Amino acid sequence: MRILVVDDDNATRICLAKILEHAGEVVSVSNGADALNVLSKALDEGRPFGLVCMDIKMPHLDGLEALKALRALEAKHNVLAGQEAKVVMVSSCDDTGSVCDAYFHGLADGFVKKPLRMAIFRDELSRMGLFLP
């Protein structure tokens, strides 16, 4: 599985990459704009990401806007229902309103609060049907 980690905090990117490295190919970027470039290229090449872990508050393009754009890219590329990337929003608790917006609009599949706790992250992925080795 291809995994994209999107977070402006370098420590979080490193932590998530380390946690996910045994689950597949991990690519990480520091903002939503870069994420969309990577996601678009992956779809163009027919090598989509199966999992995206994305922060909400980021420079250049926040996570919620990037998530909306990701879903639009998938629709443009005729990604079939059920084949879309699973998206886990990874964020601090002070922006739960944005997390709620992502859920209510049916865009995000999961949420994990920072600071990351391995057991909670594993449980959330498992709930989504994804399992870490």
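The face of helix H5 turned away from its buried side carries the exposed residues Ala119, Asp123 and Arg127. Keep in mind that you're looking at a predicted model.

**Exercise 1.** Find out which residues of H5 are buried and why they line one face of the helix.

*Solution.* Step one: go through H5, residues 118-127, and pick out the buried residues, which are Phe121, Glu124 and Leu125. Step two: look down the axis of H5; the buried residues fall within an arc of 100°, so they line one face. Step three: carry on just past the end of H5, where Gly129 takes a positive phi of about 90°.

**Exercise 2.** Work out which residues touch the most other members of the largest nonpolar core.

*Solution.* Start with the core itself: it has 23 residues, and Leu4, Val6, Leu39, Val52, Met54, Leu67 and Met89 touch the most other members. Next, see where the core comes from: strands E1, E3 and E4 and helices H2 and H3 each supply at least two residues. Now zoom in on Met54: leaving aside neighbours within four places in sequence, its contacts include Val6, Leu67 and Met89. Finally, another core of 16 residues lies apart from this one, with Leu20, Leu51, Met128 and Leu132 among its members.

**Exercise 3.** Decide whether Ser91 is buried or exposed.

*Solution.* First, locate Ser91: you'll find it in strand E4. Then compare its 1% relative accessibility with the cut-off for buried, under 20%. Ser91 therefore counts as buried. Last, check what's around Ser91: beyond four places in sequence, its contacts are Asp55, Ile56, Phe111, Val112, Lys113 and Lys114.

Definitions and conventions
Residues are numbered from 1 along each chain as its sequence is written. This is a predicted model: local features need pLDDT of at least 70, side-chain atom pairs count only at pLDDT 80 or more; totals for chains, interfaces and linings use all residues. Side-chain values use heavy atoms; hydrogens and water are left out. Buried means under 20% relative accessible area, exposed over 50%, partly exposed in between (1.4 Å probe, protein chains only). Helices (H or I, at least four residues) and strands (E, at least two) are DSSP runs, numbered from the N terminus. The arc is that of the directions from the helix axis to the C-beta atoms. A nonpolar core is a set of buried Ala, Val, Leu, Ile, Met, Phe, Trp, Tyr and Cys residues joined through side-chain atoms within 4.5 Å. Contact means heavy atoms within 4.5 Å.
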